[in-house]
Amino acid sequence: MSQIKQLLQLHQQGKGIKFIARSLAISKNTVKAYLARTAALPESVPVLLALEDPVLEARYHAGSPAYKDERFEYLKSRFDYYTQQLKLVGVNRLLLWQEYRQQQPQGYSYTQFCFHLSQHLVARKPSMVLHHQPAEKLFIDFAGKKLSYTDPATGEVIECQVFTACLPFSDYSFAMAVRSQSISDFLYALGCCLQELGGVPQVLVPDNLKAAVTRASRYEPDINRALEDFANHYQTTVVPARAGKPRDKALVENQVKLIYTRVYARLRHQQFLDLPSLNQAIKEKVREHNQTRMQQKPWSRQERFLSAEKHLLSPLPEQAFELKHYRELKVARNNHVYLSADRHYYSVPYTYIGTRVKVIYTRSLVRVYSKGEQIAVHIRGYQPGGYSTSKEHLCSHHQHYLERSPAYYLEKARKKSEALCQLMEELFKQKRYPEQLYRACDGLLSLQSKTAPADFDSACRLAPDCQSYSYRFVRNVLENRMASHVAEPKQDTPLPVHHNIRGRDYYAQTSLPFKPL
């Protein structure tokens, strides 16, 4: 454009065509063509010299007239139809061009047809430049390709999913290998990411994977209950990206490509024997990636993050997050609920037998709720078929059943009667099945409450004399009214004094002295 202006200036000064051509090192025919074009323009030479270079260029070079062609007008009217047809199975551009040429034999060639159609497809979906605020969002995704490690015991190659995340303001990245995309692995990796960042952003933006979104929707997606609990624990919000809209989280999609180059490619010759060693290598490569100076910017991702973003993140909670699972169960007649995940039974107060309760369990605890009130809490038991029972949840009869022991019955008998306590002591010295002994003790306590104390004590004293330590013996003594006939213990009466009495000392002699007659 500067040459055109110089040409116009020389022509305005009255210079000839040969002089202008020699001065500007162009042909005379080119000078003649520009002067002819200038004469055809409605503007004068001073007005043309005052124009900016792009505007002046448009005056002399209007461009290709293809878009004013009748062929283009027809093709333009069919663009929407072709766009819809390309979404169908088996429909490609070659097929559409063949149909187009059948309708327009003098139409565009295949190359021009594809060019104009591509221009339309690109122009119909322009992208937007988003400006992100510091510490506002965290983009989350899983890489499409996997990493692996080798089990040294079996030689099996175990493939792992790679969790990736980035803060869009600073483009600070995080990557970690986990065994699967399950809820527990996903939330574990997300928790490690927040620990690495040292804070919590305002919004989490995950992809529409099942661990994050149970039902995808453009406007109101259903968030996974576990992810909601995670967000509530860290006091943040979850706003999933729209389904099928990767541009909503374009930066993390770009981070995945960079991680392929700066992590995957650089670890391709290394062999790992466990998951921790693989993650340690990934962590080192991601640190190098964050410390690498960014193109067209005077800082690295780590410098930008530390200087302008990290201090704006919300603080981490004091306690680590535990994944919660929810169940609604019915209380059985034995006042326990059965948790199928553990194949274990947990007790609740017996007053809730037959009702439905809500059970929330984590890795360590099991909590049971009824009508918004916590009615039981247990340490999680992993013994299949086992029972976790709290004594307070049982009725009085069941509590008594569990409390039974020799010490329990002896203590109870001591409070009732000393004779009964002595009888029970003799009873527990026998080698009999404990259940039989406990039942005999229950029977004796029942008899004691229904019988006069004096008669009952007499019957208990008679049992050791007869060497019959049983409930049935004491009951028979009381029913036959034999307790009142129990003889008083005999007292020794002294012998009368006599000189011819031989005592114990006499018969204890080994030799007897005999006097001669």
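Helices and strands are DSSP runs numbered from the N terminus, a helix being H or I with at least four residues and a strand being E with at least two. The crossing of α1 with α2 is right-handed, a term that applies if the near helix is turned clockwise from the far one by less than a right angle, whereas anticlockwise gives a left-handed crossing. On the α1 side the residues involved are Q3, Q6, L7, L10 and H11, and these meet F19, I20, S23 and L24 of α2. By class, this contact of α1 with α2 holds five nonpolar, four polar and no charged residues; here Ala, Val, Leu, Ile, Met, Phe, Trp, Tyr, Cys and Pro count as nonpolar, Asp, Glu, Lys and Arg as charged, and the others, Gly among them, as polar.

Helix α2 (residues 17–24) also packs with helix α3 (residues 28–40), at an angle of about 115° and with the axes 9 Å apart. The two helices α2 and α3 are therefore roughly perpendicular to each other, given that angles of 65 to 115 degrees count as roughly perpendicular, those under 35 as roughly parallel, those over 145 as roughly antiparallel and the rest as oblique. The crossing of α2 and α3 is right-handed, and the contact is made by I17, K18, I20 and A21 of α2 together with K28, V31, K32 and L35 of α3. The contact of α2 with α3 comprises five nonpolar, no polar and three charged residues.

## Salt bridges

Eight salt bridges are found in a search of the whole structure, the criterion being a side-chain nitrogen of Lys or Arg within 4 Å of a carboxyl oxygen of Asp or Glu. One of them joins the side chains of E159 and K146, at 3.9 Å from N to O. E159 belongs to strand β3 (residues 157–167) and K146 to the loop between β1 (137–142) and β2 (147–150), so this pair ties together parts that are 13 residues apart in sequence. K146 is partly exposed, with a relative accessible area of 42%, where buried means under 20% relative accessible area, exposed means over 50% and partly exposed lies in between, with a 1.4 Å probe and protein chains only.

In another salt bridge, between R301 and D171, the closest N and O atoms are 3.0 Å apart. This pair links distant parts of the chain, with R301 in helix α14 (residues 301–308) and D171 in the loop between β3 and β4 (172–178), 130 residues apart; both R301 and D171 are buried. The side chains of D342 and R380 likewise meet in a salt bridge, at 2.7 Å from N to O. D342 sits in the loop between β10 (336–339) and β11 (344–347) and R380 in the loop between β14 (373–379) and β15 (387–388), so the pair ties together parts that are 38 residues apart in sequence. D342 is buried, at a relative accessible area of 5%, and R380 is buried at 16%.

## Positive phi and a strand residue

A135, which is not a glycine, has a positive phi near 60°. A135 is found in the loop between α9 (110–123) and β1, and this residue is buried, with a relative accessible area of 2%. Q235, also not a glycine, has a positive phi of about 55°. Q235 lies in the loop between α11 (225–233) and β8 (237–238) and is exposed, with a relative accessible area of 70%.

S370 lies in strand β13 (residues 365–370) and is buried, with a relative accessible area of 10%. When neighbours within four places in sequence are left aside, S370 is in contact with Y352, V357 and I375, contact meaning heavy atoms within 4.5 Å.

## The chain and the basis of the values

The chain has 21 helices and 15 strands, and buried residues make up 36% of its 517 residues. Among the contacts in the chain with a separation of 6 or more, 57% are between residues 24 or more positions apart.

Residues are numbered from 1 along each chain as its sequence is written, and side-chain values use heavy atoms, with hydrogens and water left out. As this is a predicted model, local features need pLDDT of at least 70 and side-chain atom pairs count only at pLDDT 80 or more, while totals for chains, interfaces and linings use all residues.

Methods: Axes fitted to C-alpha atoms, helices over the stretch in contact; angles between N-to-C directions.
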